[in-house]
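Welcome! Have the sequence and the 3D view open, and try each exercise before you read its solution.

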Amino acid sequence: MSGSRSSSPNSNSGWSLKENKMFEEALAYYGEGTPNLWDKVSSAMGGIKSAEEVRLHYEDLVDDVRTIESGRVPYPKYKTQGFWSRG
């Protein structure tokens with residue numbers, strides 16, 4: 001795969017929160033390795049993103065995770081108060 005298509009660690013700039021949620025749910029439902037995965041995810045999203053857009057979005061997210069895990073970008077600092085806090 002060639003270099004990242006985004007200029008920042010956040011590759012979601014062209015995707016709304018709703019679209020990302022639909023993408024995540026469809027990907028979780030079908031799972032990696034499913035034949036015609038990108039077509040199925042696109043269809044599950046109502047066709048608002050093409051199979052190619054879905055595939056590229058997935059690849060961008062994988063690249064972002066690899067970049068973070070390699071230490072080239074620090075882990076995001078999440079708010080630790082409220083519902084998700086321990087203690």
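**Exercise 1.** Is tyrosine 30 buried, exposed or partly exposed?

*Solution.* Start with how the model is described. This is a predicted model, where local features need pLDDT of at least 70 and side-chain atom pairs count only at pLDDT 80 or more, while totals for chains, interfaces and linings use all residues. Residues are numbered from 1 along each chain as its sequence is written, and side-chain values use heavy atoms, with hydrogens and water left out.

Next, take the cut-offs: buried means under 20% relative accessible area, exposed over 50%, and partly exposed in between (1.4 Å probe, protein chains only). Tyrosine 30 has a relative accessible area of 30%, so it is partly exposed. Across the protein chain of 87 residues, buried residues make up 25%.

**Exercise 2.** Find how many helices and strands the protein chain has.

*Solution.* Look for DSSP runs, numbered from the N terminus: helices are H or I with at least four residues, and strands are E with at least two. The protein chain has three helices and zero strands. Following the sequence gives the pattern α-α-α.

**Exercise 3.** Describe how helix α2 and helix α3 pack.

*Solution.* Two packed helices are described by the angle between their axes and the distance between the axes. The axes are lines fitted to C-alpha atoms, for helices over the stretch in contact, and the angles run from 0 to 180 degrees between N-to-C directions.

- Step 1: α2 covers residues 37–44 and α3 covers residues 51–69; their angle is about 105 degrees and their axes are 8 Å apart.
- Step 2: angles under 35 degrees count as roughly parallel, over 145 as roughly antiparallel, 65 to 115 as roughly perpendicular and the rest as oblique. So α2 and α3 are roughly perpendicular to each other.
- Step 3: with contact meaning heavy atoms within 4.5 Å, α2 brings Trp38, Asp39, Val41 and Ser42, and α3 brings Ala51, Val54, Arg55 and Tyr58.

**Exercise 4.** Take a closer look at serine 42 in helix α2.

*Solution.* Its relative accessibility is 9%, so serine 42 counts as buried. Leaving aside neighbours within four places in sequence, serine 42 touches Gly47, Lys49, Ser50, Ala51 and Val54. From C-alpha to C-alpha, serine 42 is 8.0 Å from phenylalanine 23, although 19 residues separate them in sequence.

**Exercise 5.** Which residues make the contact of α1 with α3?

*Solution.* Helix α1 (residues 17–30) and α3 pack at about 90 degrees, with axes 12 Å apart, and are therefore roughly perpendicular. Asn20, Phe23 and Leu27 of α1 meet Val54, His57, Tyr58 and Leu61 of α3.

**Exercise 6.** How many aromatic pairs does the structure hold?

*Solution.* Rings of Phe, Tyr and Trp (its six-membered ring) pair if their centres lie within 6.5 Å; planes under 30 degrees apart count as stacked, over 60 as edge-to-face and the rest as tilted. The structure holds three such pairs. One of them joins tryptophan 15 and phenylalanine 23, edge-to-face at 5.7 Å centre to centre with 75 degrees between the planes. Both tryptophan 15 and phenylalanine 23 are buried. Tyrosine 29 and tyrosine 30 have ring centres 4.9 Å apart and planes at 85 degrees, so this pair is edge-to-face. Tyrosine 29, at 66% relative accessibility, counts as exposed.
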